[in-house]
Amino acid sequence: MVEKTARILVIEDEPTIIEFLRTGLTYEGYTVLIASEGREGLLRAQRNEADLIILDLMLPDIDGNKVCRKLRLEGNKIPIIMLTAKTDIHDKVTGLDNGADDYITKPFSFEELIARIRALLRRTGHVSETILLEAADIILNTESMEVTKSGNPVHLTPKEFSLLELFMRHPKRVFTRETLLNRIFGYDFIGDTNTVDVHISHLRDKIRDKPPKLIRTVYGSGYALHCEQGK
Ligand code: CA
């Protein structure tokens with residue numbers, strides 16, 4: 001996939017979030033560039049080092065809005081996703097006014113963010129990505145967010161959908177409960193890995209996953225999507 005080569009510039013000063021993004025995005029095959037200050041980020045964007053920017057609003061020197069506005073005034077059309085605080089609706093509006101393409105509120109889950117990244121890269125013509133994912137008799141449409149089993153619609157919650165999408169994008173890969181918790185529920189989710197088991201159990205019920213199961217439990221490790229086609 002062409003998408004895999006996309007370079008993502010993360011302009012953010014919070015170490016926890018930097019690591020969360022670096023790990024997740026690298027895992028997805030993106031090239032990750034980090035700038036922990038606004039000025040540095042701006043400079044790297046101006047040098048066209050990236051294909052997409054994840055831009056935090058609150059930065060130690062110049063804030064995200066200024067970075068965004070400056071780039072747009074210079075005619076730079078790079079896709080920008082703004083990270084904003086959950087509490088401040090005003091921030092979101094200002095971000096979009098300043099030319100951001102999308103925003104996501106903290107705390108966010110990795111799957112929420114990656115869905116927006118994919119959508120933006122697709123919209124800006126940077127990639128042509130597979131929209132339909134298939135495994136056995138299940139088809140998942142990543143754009144309309146519809147799932148069918150043998151042609152019949154399956155109604156999933158957003159978290160169940162994210163889980164299934166993650167498995168279907170990476171057939172046979174074993175995901176630990178910790179990885180799933182991190183990716184689906186976010187970097188500051190308070191809870192234990194039983195949450196993952198509960199969601200997997202609901203997901204299996206909804207897709208009527210009977211032995212030999214599509215979503216396999218890998219004892220002592222986690223879960224993996226088993227797929228005969230061997231992609
Ligand atoms: Ca910050």
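Two strands count as paired if DSSP finds at least two bridges between them. Helices (H or I, at least four residues) and strands (E, at least two) are DSSP runs, numbered from the N terminus. The model shown in these views is predicted, so local features need pLDDT of at least 70 and side-chain atom pairs count only at pLDDT 80 or more, while totals for chains, interfaces and linings use all residues. Residues are numbered from 1 along each chain as its sequence is written, and side-chain values use heavy atoms, with hydrogens and water left out.

**View 1. The four-stranded sheet is open and antiparallel.**
Its strands follow the order β6-β7-β8-β9. Strands β6 (132-135) and β9 (152-154) are at the edges with a single partner strand each, so one side of each has no neighbour in the sheet. From one strand to the next, the twist averages 25 degrees; axes here are lines fitted to C-alpha atoms, for helices over the stretch in contact, and angles run from 0 to 180 degrees between N-to-C directions. Four bridges join β6 to the antiparallel strand β7 (residues 138-141). Within this pair, L133 has L140 of β7 as its bridge partner. Helix α6 (residues 158-169) packs on the sheet and touches β6, β7 and β8 (146-149), where contact means heavy atoms within 4.5 Å. The direction of α6 makes about 110 degrees with that of β7.

**View 2. The loop between β6 and β7 holds A136.**
A136 is not a glycine, yet it has a positive phi of about 50 degrees. Most residues other than glycine have a negative phi.

**View 3. The five-stranded sheet is open and parallel.**
The strand order is β2-β1-β3-β4-β5. Strands of a sheet pair through backbone hydrogen bonds, either parallel or antiparallel. At the edges stand β2 (31-35) and β5 (102-106), each with a single partner strand, so one side of each is left without a neighbour in the sheet. Neighbouring strands are turned against each other by 20 degrees on average, direction ignored. Four bridges link β1 (residues 7-11) and β3 (residues 52-56) in the parallel sense. In this pair, I11 stands opposite L55 of β3. Helix α2 (residues 38-46) packs on the sheet and touches β1, β2 and β3. The direction of α2 makes about 160 degrees with that of β1. Helix α3 (residues 64-73) lies across β1, β3 and β4 (80-85), and runs at about 160 degrees to β4.

P107 lies in the loop between β5 and α5. P212 is placed in the loop between α8 (194-206) and β11 (215-218). Most peptide bonds are trans.

**View 4. The chain is divided into domain 1 (7-123) and domain 2 (132-225).**
These bounds come from an automatic or database domain assignment. Taken over C-alpha atoms, the centres of domain 1 and domain 2 are separated by 28 Å. The contact takes 13 residues from domain 1 and 16 residues from domain 2.

**View 5. The largest pocket has a volume of about 390 Å³.**
On a 1 Å grid over the protein atoms alone, a pocket is an open set of points where a 1.4 Å probe fits, with protein on both sides within 12 Å along at least five of seven lines; lining residues have an atom within 4 Å of a point. Grid points are joined across faces, edges and corners, and a volume is the space filled by probe spheres set on the points. Which residues are the closest to the centre of the largest pocket? Of the 19 lining residues, they are E111, E112, A115, M145 and S162. Helices α5 (110-123) and α6 each supply at least two residues of the lining, and α5 gives the most, with eight residues. The lining has seven nonpolar, three polar and nine charged residues. Here Ala, Val, Leu, Ile, Met, Phe, Trp, Tyr, Cys and Pro count as nonpolar, Asp, Glu, Lys and Arg as charged, and the others, Gly among them, as polar. Domain 1 and domain 2 both give residues to the lining, so the largest pocket lies between them.
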